[in-house]
Number of protein chains: 2
Amino acid sequence: MEKTNNAPIGVFDSGVGGLTVAREINRQLPRESVVYFGDTARVPYGSKSKDTIIRYSRQIVRFLQTKDVKAIVVACNTASAFALDTIEAELNIPVIGVVKPGAKSAIENTRNKRIGIIGTEGTIKSELYTEYIHGIDPEITVIGKACPLFCPLVEEGMLHDSVTYEIAGRYLDELKEQSIDSLILGCTHYPLLRSTIREIMGEGVNLVNPAYETAISLGELLKQKGMRADIHAKPDYTFYVSDDTERFRRFANSIMPFEIEETNRINIEEF
Amino acid sequence: MEKTNNAPIGVFDSGVGGLTVAREINRQLPRESVVYFGDTARVPYGSKSKDTIIRYSRQIVRFLQTKDVKAIVVACNTASAFALDTIEAELNIPVIGVVKPGAKSAIENTRNKRIGIIGTEGTIKSELYTEYIHGIDPEITVIGKACPLFCPLVEEGMLHDSVTYEIAGRYLDELKEQSIDSLILGCTHYPLLRSTIREIMGEGVNLVNPAYETAISLGELLKQKGMRADIHAKPDYTFYVSDDTERFRRFANSIMPFEIEETNRINIEEF
């Protein structure tokens, strides 16, 4: 029983973005171990179709199961929007995505019932955030805006650049005019642009980081199921990618609070 | 024999960029038929590693062979840089990439023996253009510059945008200072940014479009091998992609000189 509780949590994303979720798990649940998979050979997911994302997610889940994970976190908004229900129905371990925890926090915090959501084309077009929010409170107005250039800008490290500010201004102007009071950062890359988004949206808008909310929900879920790692557990983080490990490791070391010494490469198409 | 000569030419790219090559084949070799494959489920290739690109290229070649192609054009600079030699050695039909024709034209046209090359991170890091140019004339100075944001900007349709101009200015400044007189547009997306690049580089710099040069080389190669389509051949273009067909078809219709009515989707991982 203890062995199962100390089993790792599987966390996956299309690439490096999900590391913001792994970082929050590490902060909030420091005894838990994590097996992270980043699908760097097929990144990005944001502009790809639903059935392609479901196929990719199933392969990744099959891989994570070979690592005996006790739960799976879909740390990618696009995959959470497109594939969460499918993989949840096929598994007998807890599965958690980033959409519901982020949406829940926005619902709890909005005062004027006007919520904005920014994400990839896939996430915004899926309207899953809107559906989920309306399922809880149909009176809330949800305004979605795809920001397709944010991911490449983050991956290029242009976090505090005039070009990023200009692009962000264009994307966010529409949302500012709509007087939203909560904005969901609906892509795991976006928390890295938080200061730029904060500056443009102003102090009056609550920025919701689903990575943070997901780690809270994960902790509650594990506790409720009696699956938290025990007090003497020694946390272990292992990283797997589908493409070059060095590029990933450099990025990961700039995000995670500890030094990542080893990243392993696998052929995900074999799963 | 005639049947073989009227067989299609297989053209592949990571996504839509290779359509600039298909367009040139259509202009210069109007009797030839083409089977085009765009790997939209795994796009982009530019930031991925050599062995991943070789694996992807092999799968695509196996797919194109099921269409009885008489020759293959690797209409992607990254795949040409990483995988051309490998797949050429494994096939008994002519294979042509975009790197050599582009490099050849730049060598023929430079007066001051200073050539610039812009492309994806993969293409520039591979140094294949440099190697090939030095193999012909070791006295030529080759200055490479990766432009990772050009592809997403083109895919977003921001061809004539102030942000694109600003980014291009930063990327190209370095090359301007180096007094190059020829610049190879080493990614199939870049000819779509030609007017912006022209404005920044000035009239004194010769812009080399490898798509154009590749179609010329292809015509010469087919003629030399007695493989040109016969004079009564009715050209046929068919399009295959690994992800959503509608998104591809919209982009393709903005590039090709005829209406594309049908695009077919396949699971490339099965090949």
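Two strands are said to pair if DSSP finds at least two bridges between them. Strands (E, at least two residues) and helices (H or I, at least four) are DSSP runs, numbered from the N terminus. This is a predicted model, in which local features need pLDDT of at least 70 and side-chain atom pairs count only at pLDDT 80 or more, while totals for chains, interfaces and linings use all residues. Residues are numbered from 1 along each chain as its sequence is written, chains are lettered from A and ligands numbered from 1 in the order in which they are written, and side-chain values use heavy atoms, leaving out hydrogens and water.

**The six-stranded sheet of chain B**

Let us begin with an open sheet of six strands in chain B, with parallel pairing and the order E4-E3-E1-E2-E9-E10. Strand E4 (95-97) and strand E10 (263-265) of chain B stand at the edges with a single partner strand each, so one side of each is left without a neighbour in the sheet. From one strand to the next, the twist averages 20°; angles here run from 0 to 180 degrees between N-to-C directions, and axes are lines fitted to C-alpha atoms, for helices over the stretch in contact.

Within this sheet, strand E2 (residues 34-38) and strand E9 (residues 237-241) of chain B run parallel and are joined by five bridges. Phe37(B) has Tyr240(B) as its bridge partner in E9(B). Helix H4 (residues 77-90) of chain B lies across strand E1 (9-13), strand E3 (71-74) and E4 of chain B, running at about 165° to E4(B).

Strand E5 (residues 114-119) of chain B runs parallel to E7(B), with four bridges joining them. E5(B) is also joined to strand E6 (residues 141-146) of chain B, by six bridges and again in parallel. E5(B) is mostly covered, with five of its six residues buried; buried means under 20% relative accessible area, exposed over 50%, and partly exposed in between (1.4 Å probe, protein chains only).

Strand E7 (residues 182-185) of chain B is covered on both faces: Ser182(B) and Ile184(B) are buried on one side, and Leu183(B) and Leu185(B) on the other. Three bridges connect E7(B) to strand E8 (residues 206-208) of chain B, and the two run parallel. Here are some of the residue partners in these strands.

| Residue | Bridge partner |
|---|---|
| Arg114(B) | Thr141(B) in E6(B) |
| Ile115(B) | Ser182(B) in E7(B) |
| Ile184(B) | Val208(B) in E8(B) |

With helix H10 (residues 194-201) of chain B, E7(B) and E8(B) make a right-handed β-α-β unit. A crossover is right-handed if, with the strands pointing away from the viewer, the path from the first strand over the helix to the second runs clockwise.

**The four-stranded sheet of chain A**

In chain A, an open sheet of four strands has the order E6-E5-E7-E8, with parallel pairing. Strand E6 (141-146) and strand E8 (206-208) of chain A are the edge strands, each pairing on one side only. Strand E5 (residues 114-119) of chain A pairs with E6(A) over six bridges, and Ile117(A) stands opposite Gly144(A) in E6(A). Helix H5 (residues 99-109) of chain A packs on the sheet, where it touches E5, strand E7 (182-185) and E8 of chain A and makes about 170° with the direction of E7(A). Contact means heavy atoms within 4.5 Å.

**Rings and charges**

A search of the whole structure finds 22 aromatic pairs over all chains. The rings of Tyr45(A) and Tyr56(A) have centres 5.7 Å apart and planes at 45°, so the pair is tilted. Rings of Phe, Tyr and Trp (its six-membered ring) pair if their centres lie within 6.5 Å; planes under 30 degrees apart count as stacked, over 60 as edge-to-face and the rest as tilted.

Tyr45(A) is buried, at 1% relative accessible area, and Tyr56(A) is buried at 1% too. Arg42(A) lies over the face of Tyr56(A), 3.6 Å from the ring centre. In chain B, the charged end of Arg42(B) sits over the ring of Tyr56(B), 3.7 Å from its centre. A charge sits over a ring if NZ of Lys or CZ of Arg is within 6 Å of the ring centre and within 35 degrees of the ring normal.

**A buried proline**

Pro94(A) is found in the loop between helix H4 (77-90) and strand E4 (95-97) of chain A. Its relative accessibility is 13%, so Pro94(A) counts as buried. Pro94(A) and Leu222(A) are 128 residues apart in sequence, yet 8.5 Å apart in space, C-alpha to C-alpha.
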